[in-house]
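Subject: Structure for your review

Dear colleague,

Please find below the structure that I am handing over to you. My notes on its pockets and helix packing follow it.

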Amino acid sequence: MSESESSTAGARLRAAIIHERPLQVAGTVNAIGALLAEQAGFRAIYLSGSGVASVSHGLPDLGVTTLHDVLEDARRITSACDLPLLVDADTGWGNSLMIQRTVKDLIRAGAAGLHLEDQIDAKRCGHRPGKQLVAPTEMCDRLKAALDARTDATFVIMARTDAVAVEGIAAAIERANNYVAVGAEMIFAEAITSLEDYRRFTESVDVPVLANITEFGQTPLYRLDELREVGVKLVLYPLTAFRAMNAAAARVYQTLRSSGTQQDLIDQMQTREELYDLLDYYSKEP
């Protein structure tokens, strides 16, 4: 790898997977979240399509946001934070030409990689019922388009399969291996419900496997050591901080409305000085 390649976001993500096993990937829905994740010591971050829909548009995760919406949030995050950013690209927002544009635009936006999924274009949340999948050949065509479009060889192309909940674990592993055969460099195995199934996946698929440990879904909230033991290489917490932020904000609004003062909320807040420190305010002040 050349010096220029080793400094790319994709190269930093690949290096993080080697140095931290498994790599904890923190979901960050905006730039301030990315800085907080960096402050906490995370080596990689993630932008969720559901997060873009919910935070930036107040919409549910039903495939209603666009590439432009995701790019805007990705640019804001990569402009503020140097941690490598993995981006949820849903189904690629269209045909092969659109998938190629998605890859090129995300590279220009400073992202480290993306994952494409094998649901139909009218996709659903990965932990909701009623998901429908495209044929493995169609998903392979999506991946080929993404791989062919890379202007940066270090940019990560990850394949997500939702087949576990729809077709079963054996079919999901078969799909994953088909995706690896065409060039997918990592596998996002969605909605797995047991450690033994994670072990089956990691022992059957010869690339790093990501575990999506999202709250209130189908996958139990396994500990890091449990996932390490079954061979998982990346552990994703896509919306954990977002959900906590929402709950905190709801309590604040309710308290303000009922009591008419924030006096009882002060000890729950980030202080002005803590924010200034996070933003490196004083060194940037004119």
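**Findings**

The largest pocket has a volume of about 500 Å³. A pocket here is an open set of points on a 1 Å grid over the protein atoms alone, with protein on both sides within 12 Å along at least five of seven lines, and lining residues have an atom within 4 Å of a point. Grid points are joined across faces, edges and corners, and a volume is the space filled by probe spheres set on the points.

This is a predicted model, in which local features need pLDDT of at least 70 and side-chain atom pairs count only at pLDDT 80 or more, while totals for chains, interfaces and linings use all residues. Residues are numbered from 1 along each chain as its sequence is written, and side-chain values use heavy atoms, with hydrogens and water left out.

The lining of the largest pocket consists of I32, L36, M245, A248, A249, V252, Y253, L265, Q268, M269, Q270 and L275. Helix α12 (240-259) contributes the most, with five residues. By class, this lining has ten nonpolar, two polar and no charged residues. Ala, Val, Leu, Ile, Met, Phe, Trp, Tyr, Cys and Pro count as nonpolar, Asp, Glu, Lys and Arg as charged, and the others, Gly among them, as polar.

Helices (DSSP runs of H or I, at least four residues) are numbered from the N terminus. Helix α3 (residues 31-40) also packs on helix α5 (residues 67-80): their axes come within 8 Å and cross at roughly 40°. Axes are lines fitted to C-alpha atoms over the stretch in contact, and angles run from 0 to 180 degrees between N-to-C directions. That makes α3 oblique to α5, since angles under 35 degrees count as roughly parallel, over 145 as roughly antiparallel, 65 to 115 as roughly perpendicular and the rest as oblique. In this contact (heavy atoms within 4.5 Å), A31, A34 and L35 of α3 meet R76, I77 and A80 of α5. Five of these residues are nonpolar, none is polar and one is charged.

A second pair is formed by α9 (residues 169-181) and α10 (residues 195-204), which pack at an angle of about 30° with their axes 10 Å apart. These two helices are therefore roughly parallel to each other. I169, A170, A172, I173, A176 and N177 in α9 meet D197, R200, F201 and S204 in α10. The contact comprises six nonpolar, two polar and two charged residues.

With kind regards

Conventions
1 Å grid on protein atoms, 1.4 Å probe; cavity = no way out; pocket = protein on both sides within 12 Å on 5 of 7 lines; lining within 4 Å.
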